[in-house]
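Hi,

Here is the structure I promised to pass on to you.

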Amino acid sequence: MSSKLLLVIVGIPGVGKTTVLNAAVEILVSRGYVVRVLNYGDYMLKSLISRNLVRSRDEIRRLPLQLQREVQALVADDIRREVDETPGNEKVVSFVDTHAVIKTTTGYWPGLPKHVIERLSPDAIIVIEASPEEVLSRQLKDRSRYRADYADVNLITELLQVNRCFAIASAVLVGASLYIIHNREGRVLEAASELVNIVNNLMR
Amino acid sequence: MSSKLLLVIVGIPGVGKTTVLNAAVEILVSRGYVVRVLNYGDYMLKSLISRNLVRSRDEIRRLPLQLQREVQALVADDIRREVDETPGNEKVVSFVDTHAVIKTTTGYWPGLPKHVIERLSPDAIIVIEASPEEVLSRQLKDRSRYRADYADVNLITELLQVNRCFAIASAVLVGASLYIIHNREGRVLEAASELVNIVNNLMR
Amino acid sequence: MSSKLLLVIVGIPGVGKTTVLNAAVEILVSRGYVVRVLNYGDYMLKSLISRNLVRSRDEIRRLPLQLQREVQALVADDIRREVDETPGNEKVVSFVDTHAVIKTTTGYWPGLPKHVIERLSPDAIIVIEASPEEVLSRQLKDRSRYRADYADVNLITELLQVNRCFAIASAVLVGASLYIIHNREGRVLEAASELVNIVNNLMR
């Protein structure tokens, strides 16, 4: 392969994306993989702070949309470069932890629009899903972490459908495969091993 | 911002798009906004007539598809230019009233394909939706306006889903946000104020 | 029209795509059409064998993804050229028999990604669908043809939805119309005549 393995991992708040990802990373590392997890939001923040455009995460959404788009693209270039420059040739895998769609006051904002997904050029987009009821239950358990406006099963159902459709539109732009992992209650390890299998299959 | 605010507004026949839009425009104007509503179909017709390609709206769908696509693109350029040349800098908002998808005898025709959406380059795509039952009821009340072939709840449900998916694919191409407004029976003002809020939030 | 009529025809395994297509071809030929059916998978295999990259169909999925993508694009160019060079000007119609999405061990792989659909530049994408129960029943009748992992109504429902969404994302890229044909049990001729009607309408 001409470039290192890059998997984009997305999921709406409350599906358990971070839990599944961490469990998969642990397994992969124990099997000799070199694994990197790159958080798109962290890269956005770092990039904007270094350009003196914001001082904190909360300020990002107040920036003009056009500027946000430009920084989104620069960050995608940075991430792709970092992934390709990771030392080692075999068994190196990078996960980009991000969103296919972000709910904002002006609507569903694409997290992987054309100008981002083409720069990232991932091998696969992994969509973590869970049942709307489980997503709601997780959100109600941790009110500090989730925004109140998500707390409605109909809205979560809509968000899950919309999220999947955004991810598919992004996958079609770059010919990446799209894998939907259903993270079932109490079966995180099952979801994590699906993710491990994808990596194994992509590595063959 | 480098260019004027442009919102694309779409919805399948019978969701109440025009009613919601008109109510929102009234509120915005009363709050000091300069509002323009540009109807894509009208611009298409005007452009085709001025090129002597058609004499009436009915003739459009008989034109070769390739020609329709070319005029679609020219019209998008015209609209974007007109929006950007609207006098005034603050509180100017333009709505482009169009369709994400148009039902034709050869299938669902994209109203915002790549060559159109990239030229329009909207800040947001607003999708007006209603329940399939309400859409059907509106269509049955006004047989002169709606085509008979819509009059089936399953077909309307399919059309609503397909419409949303087309709008998402278009949004991903330009990184525009996508806002779904549910226009509930007898609650047009609620839907209209959601639209007003989006404009306010985009203006911040 | 500057180029010959090209219709892409897709559908998940078990919807009866081949049956509907064959029935439509028979009708079209009896009405004086010159019809070509080009199978994308066959073209892929031929192209890979002639480049000494594989010897059999099973080896394709073991090729590096980047290489598969490149051959996918070359094949699309070949097909478009062949279609345009078909002798005769009127009543020539070519069907490209392929998939909007292919289920692989690394996820749903786009069969009509940007680099393919832009090269094919079809007039329409035809999606053949059937109810999940019928798809399952067809798969259970012919275990030799279908992979066991499809045999689950929930999975088939997901695949039908995902397939439609992939096809829409591809249609938006080229402004092709998208026609969904519901192939109902025991009503193949109805589905076939819908397909014949699309051809007639595109020819007008």
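Below is what I found, starting with how the chains are arranged.

First, some housekeeping. This is a predicted model, so to speak of local features we need pLDDT of at least 70, and side-chain atom pairs count only at pLDDT 80 or more, while totals for chains, interfaces and linings use all residues. Residues are numbered from 1 along each chain as its sequence is written, chains are lettered from A and ligands numbered from 1 in the order in which they are written, and side-chain values use heavy atoms, with hydrogens and water left out.

**How the copies relate**

Two copies of a chain are related by a rotation about an axis and a shift along it.

**Where chains C and A meet**

Here, 20 residues of chain C are in contact (heavy atoms within 4.5 Å) with 23 residues of chain A. Together the two chains bury about 1,800 Å², 64% of it on carbon and sulfur atoms; buried area is the accessible area (1.4 Å probe) lost on putting two parts together, summed over both.

How many salt bridges does the rule find across the interface of chain C and chain A? It finds 1: Glu158(C) pairs with Arg164(A), with the closest N and O atoms 3.6 Å apart. The rule asks for a side-chain nitrogen of Lys or Arg within 4 Å of a carboxyl oxygen of Asp or Glu. On the side of chain C that touches chain A, the largest share, 8 residues, comes from helix α6(C). Helices (H or I, at least four residues) and strands (E, at least two) are DSSP runs, numbered from the N terminus.

**An enclosed strand**

In strand β6 (residues 124-129) of chain C, 6 of the 6 residues are buried, so the strand is largely enclosed by the rest of the structure. Buried means under 20% relative accessible area, exposed over 50%, and partly exposed in between (1.4 Å probe, protein chains only). Ala124(C), Ile126(C) and Ile128(C) point one way, and Ile125(C), Val127(C) and Glu129(C) the other.

Strand β6(C) pairs (at least two DSSP bridges) in the parallel sense with β1(C) over 4 bridges and with β7(C) over 6 bridges. Ile126(C) is the bridge partner of Ile9(C), and Val127(C) has Ile180(C) as its partner.

Cheers
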